[in-house]
Structures are given as structure tokens and as C-alpha cells.
Amino acid sequence: MSSEYVIKKGPKEQEAKIFSGKEEVGKIKKGEGLSFRLISHKDGLEWVLTNKVHGERRPFSFAVKNAKQNTLCITEHQGEEIFVVRDQLFKHNGKFYMLANHPEGKSWTEHVNSSIKYISRLDNFPYHDLSEVDHEHYTLRHKIKRFRGIAVGEASGLGIEDRGHRVRLDGELDDVGLFIAAISYLLYASG
């Protein structure tokens, strides 16, 4: 079973609405500083999305933190990291995944010429934790980017037109689907 999200730029600058089917399931709003707020319409929960991951700002990275409720100002400094994408890599249920990955079975030309960004599960990934991956080591960083996986989702579109930014995910990512949809939009579509 798969889920699909469509993220569309909101009426206000730096806001977006997240839909699943025809139902609005969440909203992204500008937060304090460089952070964003993700609000779930299903249960009213709120999270902080920040590119400050493991204490440092990183490109192609986001941490999802629980927002402290009942505060006037929700900041990127509060709450524990509950979901992390670091240099397009994330770990979920003991498995590694990569955003914008070149999946197995796709030719390089097909991958480069496509507007679709694949989300892949990296089976047999040689690490056990994100902290083990030395993202600063140039050779290792490029080796990881060439690691091919099994496509378990895809993202496309810029989010500014009526079609929106679309994110489709296989069932194994359902419980973090809202996080992945919001992060994908912020990384690849919001400009």
C-alpha cells in the first residue's frame, strides 16, 4: 500500500499546505530564524523543522523536533530530534534510505533526464547509524551518493503550480510520510 502527498505553496509567503487525496492533512509555516513549523491537521501536533542537524547547519539536511506546546514562540533549539535527514540520508525502522537517489534498474540517462527524484531503501548499507557516516570526508560523501537502492517512493514538481510538489511513498514509510513530504518540499521545491 502506498500513500501520496501533494504540497502546494500557500497564500502567504513561506507557507504551504499538505494534502493527502483531497483532504488537507498538514501545513508548513515559517518559524523562527531558519526553521519551519509543521502542523498536522489530523491530531493537532506540531513539530519544528530545522536544517540544524546534530548541532550544526547542513545542506540537504533537516531535523524534525517535537515542539513544546503552550509556548508563544516555537524555536529550533527546543525539543529532541525525532526524525533526521542528513545529507539526504535517513534511517527508519533499522533501514537506511536516501532522498534523490539513483535507484537500481534505472539507467543513468533516464535518471538524469527525469524530473522525478526517487527515494530509495539502501539495502546492505555498510553503516549502522547516521553518526557513523563521515559526511565531511569528500571521497566517502561521493561514494554514498553513488550508492544505488530499491525505489520506495518518488517526488516531483515544484509546488508553485496547481499540480504542486508530489510525494508518493510505499507503505514502509507511512508513519513518517508527513515528515518526508514536508522535508522533500523544503529541500527540492520551495526554492
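Author: Start with β13 and strand β14 (residues 165–170), which pair in the antiparallel sense over 4 bridges. In that pairing, Ser-156 stands opposite Arg-166 in β14. Note that this is a predicted model.

Reader: Which strand pairs with strand β13 (residues 150–156) over 5 bridges?

Author: Strand β12 (residues 117–121) does, again in the antiparallel sense.

Reader: What is the order of the strands in the open sheet?

Author: The sheet has 12 strands, in the order β9-β8-β5-β4-β3-β2-β1-β14-β13-β12-β11-β10, with antiparallel pairing. β9 (81–85) and β10 (89–92) each have a single partner strand, so one side of each is left without a neighbour in the sheet. From one strand to the next, the twist averages 25°.

Reader: Is His-165 buried or exposed?

Author: Burial is judged by relative accessibility, with buried meaning under 20%. His-165 has 2%, so this residue counts as buried. His-165 belongs to strand β14, and its side chain makes a polar contact of 2.8 Å with that of Ser-184.

Reader: Ser-184 is in α3. How many residues of α3 are buried?

Author: For helices in general, there are 3.6 residues a turn, so residues three or four places apart point the same way. In α3, 12 of the 12 residues are buried, so the helix is largely enclosed by the rest of the structure. Among them are Gly-177, Phe-179, Ser-184 and Tyr-188. Helix α3 (residues 177–188) reaches 16 Å from its first C-alpha to its last, close to the 16 Å expected at 1.5 Å a residue.

Reader: How should I read a pair of aromatic rings?

Author: Such a pair is described by the distance of the centres and the angle of the planes. The structure holds 6 aromatic pairs. One of them joins Trp-47 and Phe-179: the centres are 5.0 Å apart and the planes at 85°, so the pair is edge-to-face. Trp-47 lies in strand β5 (residues 46–50) and Phe-179 in helix α3, 132 residues apart.

Reader: What else pairs with Phe-179?

Author: Phe-83 does, in a tilted pair with 5.8 Å centre to centre and 35° between the planes. Phe-83 is in strand β9 and Phe-179 in helix α3, so the pair ties together parts 96 residues apart in sequence. Both Phe-83 and Phe-179 are buried. Together with Trp-47, Phe-90 and Tyr-97, these two form one aromatic cluster.

Notes
Residues are numbered from 1 along each chain as its sequence is written. This is a predicted model: local features need pLDDT of at least 70, side-chain atom pairs count only at pLDDT 80 or more; totals for chains, interfaces and linings use all residues. Side-chain values use heavy atoms; hydrogens and water are left out. Two strands pair if DSSP finds at least two bridges between them. Helices (H or I, at least four residues) and strands (E, at least two) are DSSP runs, numbered from the N terminus. Axes are lines fitted to C-alpha atoms, for helices over the stretch in contact, and angles run from 0 to 180 degrees between N-to-C directions. Buried means under 20% relative accessible area, exposed over 50%, partly exposed in between (1.4 Å probe, protein chains only). A polar contact is a pair of N or O atoms within 3.5 Å; within protein, one must be able to donate a hydrogen and the other to accept it, and residues adjacent in sequence count only if both atoms are side-chain atoms. The expected span of a helix is 1.5 Å times one less than its number of residues. Rings of Phe, Tyr and Trp (its six-membered ring) pair if their centres lie within 6.5 Å; planes under 30 degrees apart count as stacked, over 60 as edge-to-face and the rest as tilted.
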